Amino acid sequence: MTDTTAIKHPTPLTTGDFTAAEEPLALFGAWFAEATASEPNDPNAMALATVDADGLPDVRMVLMKGYDANGFVFYSHIASQKGRELAANPKAALLFHWKSLRRQVRIRGTVSPVTDAEADAYFATRPKQAQIGAWASKQSQPLESRFAFEQAIAKVAAQYLIGEVPRPQGWSGWRITPLRFEFWHDRPFRLHDRIEFRRDAFGQAWSKTRLYP
């Protein structure tokens, strides 16, 4: 016998349910605050999807370092694989998955570089060893051995033994300005809740649609 109690009598929606939200940014903020309190590691981790010159999708995990009404920011090397792909096609998708909360948020939008002042300000907050690593790493390029990388790190560390480490010219950040949000919450028997927010351009009003799971 199959237990269909939850199907026949699903948990009713209430006015406090996330599907009642009228705009996505405040909802994201509420979910992110809960994730920050519950996720054991990196609640700001997000999958970043881009496409290469052949249209082949590329995805990797990065860390969100800030968000506001203008978008979601992360940092890396401009000459990295993702940097080259974003320069050629400045559009991207993000995915936050918070397993402890059984929630995920998908975001799609346009991409623009952060300002030099923003990149400088964030780079200054990084631990010195991470700053040195940014100088030593030729991100996404072939590496002949781990020892070669350690030698490069030691050389940079000696150069900046005293004083501040400046931001490398080839290291910066990007801002994804969302045009689509999708919020997903797990429910029993895969009867999940999904809502999507859409707009055609930054500054326009959001439209909301509830989606089948």
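Here are a few notes on the cores and strand pairing in this predicted model.

1. First, some ground rules. Residues count from 1 along each chain as its sequence is written, and side-chain values use heavy atoms, with hydrogens and water left out. Since the model is predicted, local features need pLDDT of at least 70 and side-chain atom pairs count only at pLDDT 80 or more, while totals for chains, interfaces and linings use all residues.

2. Start with the largest nonpolar core, which has 28 residues. A nonpolar core here is a set of buried Ala, Val, Leu, Ile, Met, Phe, Trp, Tyr and Cys residues joined through side-chain atoms within 4.5 Å; buried means under 20% relative accessible area (1.4 Å probe, protein chains only). Phe28, Phe96, Trp98, Val105 and Phe183 have the most contacts inside this core.

3. Which helix gives this core its largest share? That's H2, with five residues. Strands S1, S4, S5, S6, S7 and S8 are also among the elements that each supply at least two. (Helices are DSSP runs of H or I, at least four residues; strands are runs of E, at least two; both are numbered from the N terminus.)

4. Have a look at Val105: leaving out residues up to four places away in sequence, its contacts (heavy atoms within 4.5 Å) include Phe28, Trp31, Phe96 and Phe183.

5. There's also a second, separate core of 15 residues, with Tyr75, Ile132, Ala136 and Ile153 among them.

6. Now the pairing, which takes at least two DSSP bridges between two strands. S6 runs antiparallel to S5, with eight bridges, and antiparallel to S7, with eleven. Gln104 in S6 stands opposite His97 and also opposite Trp184 in S7.

Notes
Buried means under 20% relative accessible area, exposed over 50%, partly exposed in between (1.4 Å probe, protein chains only).
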